[in-house]
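Please examine the sequence and the model shown below. The text that follows is intended to be read beside them.

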Amino acid sequence: MSDIPASATSSGRTSAEILTQPSHWLRAAAAAAAAPGLPRPGERVAVTGCGTSWFMAQAYAALREAAGQGETDAFAASEFPVSRTYDRVVAITRSGTTTEVLDLIGEVRERWEVLAVTATPGTPVVPAADEAVVLDFADEESVVQTRFATSALAFLRAGLERHGRWTATRPVAEAAKDAGSTTVSPLPPAALAAEQWTFLGTGWTYGLAQEAALKMREAAGAWTEAYPAMEYRHGPVSVTGPGRVTWIFGEVPAGLAEEVTATGGTLITSEGRDPMADLIRAQRLAVAVAEGRGLDPDRPRNLTRSVILKG
């Protein structure tokens, strides 16, 4: 992998969609200003999705609780505990056709308000939900999700901003500014040359770490893992060493940098960027590593744009 230049760019579809994210986040934030169905402060909320959408749900749930706006859980749609009680469910689904999400909405809609966040108008999730927000400007041709996922999170982050500022994260407008630089900055040479990558996060950035690892698996078939940052010491650190990268989104716990260095591994941090903006670097890395391995990130192995299960 060491022959991949740090400034590597791609002319592929996935890469092109990755680079559009800064402006899409601003459009998503504007859409949140008057969007119906967003959770209100004090409501008990569950957020759901599958794959990438589930990881964005995790990030939003942690952000909402950190903002003091109410108890918020995140579940994969297939593992949703329907016996619990919530005021509102937020379902994230790019295609609007994912079987597990539609089945879940059908089961809970009569009990709880349901907001769907999707990229595709006219799909089954729109009439299935009580309210639907269609971020069609962020839709993608790619199988591998990038800009819709982060635009959905930007939309939900901006929805939290409607009820006041807090210290857990920056405004979406500032995140978009950081994202502008991460679309063009050179990728870390050690990350391009690595044989293994471990992504870490704390609080809301753990969902981003999960998503970064998924992008590397989907696009490049790479050996990647993701953990809460403080759990890294409880076993996962054993895989760290020369030629391996530990990449943390957001705050670096005390002592972690020294532990990675002691193994001979490389630590990569967000370097003061908004962690959601730093996810763009990981997306770009996934494309670069895929192409360095002779793979086509626009045509990932064994994947389709939407998972629709046969009845």
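The model is predicted, so local features need pLDDT of at least 70 and side-chain atom pairs count only at pLDDT 80 or more, whereas totals for chains, interfaces and linings use all residues. Residues are numbered from 1 along each chain as its sequence is written, and side-chain values use heavy atoms, with hydrogens and water left out. Helices (H or I, at least four residues) and strands (E, at least two) are DSSP runs, numbered from the N terminus.

In helix α4 (residues 99–108), the buried residues are T99, V101, L104, I105 and V108, where buried means under 20% relative accessible area, exposed over 50%, and partly exposed in between (1.4 Å probe, protein chains only). These buried residues of α4 pack against β1 (45–49), β3 (88–93), β4 (113–118) and α5 (125–128); contact here means heavy atoms within 4.5 Å.

A pair of helices comes next. The axes of helix α2 (residues 21–32) and helix α7 (residues 172–182) come within 8 Å and cross at roughly 170°. The two helices are therefore roughly antiparallel to each other, a label given to angles over 145 degrees, while those under 35 count as roughly parallel, 65 to 115 as roughly perpendicular and the rest as oblique. From α2 the contact draws on P22, W25, L26 and A29, and from α7 on V172, A173, A175, A176, A179 and G180. Nine of the contact residues are nonpolar, one is polar and none is charged. In this classification Ala, Val, Leu, Ile, Met, Phe, Trp, Tyr, Cys and Pro count as nonpolar, Asp, Glu, Lys and Arg as charged, and the others, Gly among them, as polar.

Which residues does A158 touch? A158 belongs to helix α6 (residues 147–161) and is buried, with a relative accessible area of 7%. Leaving aside residues up to four places away in sequence, A158 touches A29, A32 and V172. The C-alpha atoms of A158 and L26 are separated by 9.4 Å, although these residues are 132 apart along the chain.

The other open sheet described here has four strands in the order β7-β6-β8-β9, and its pairing is parallel. Its edge strands are β7 and β9, each of which pairs on one side only. The twist averages 20° from one strand to the next. Helix α9 packs on this sheet, touching β6, β7 and β8, and its direction makes about 175° with that of β7. Helix α10 (residues 256–263) lies across β6, β8 and β9, running at about 145° to β9.

Strand β6 (residues 196–201) deserves attention. Six of its six residues are buried, so β6 is largely enclosed by the rest of the structure. In a regular strand the side chains alternate between the two faces of the sheet. In β6, Q196, T198 and L200 lie on one side and W197, F199 and G201 on the other, and all are buried. Six bridges pair β6 in the parallel sense with strand β8 (residues 244–249); T198 has T246 as its bridge partner in β8, and L200 stands opposite I248. Five bridges join β6 to strand β7 (residues 224–228), again running parallel, and here L200 stands opposite Y227. From β6 the chain crosses through helix α9 (residues 205–220) to β7 in a right-handed β-α-β crossover; right-handed means that, with the strands pointing away from the viewer, the path from the first strand over the helix to the second runs clockwise.

Finally, E271 lies in the loop between β9 (266–268) and α11 (275–292). E271 is exposed, with a relative accessible area of 56%. Most residues other than glycine have a negative phi. E271, although not a glycine, has a positive phi of about 55°.

Key:
Axes are lines fitted to C-alpha atoms, for helices over the stretch in contact, and angles run from 0 to 180 degrees between N-to-C directions. Two strands pair if DSSP finds at least two bridges between them.
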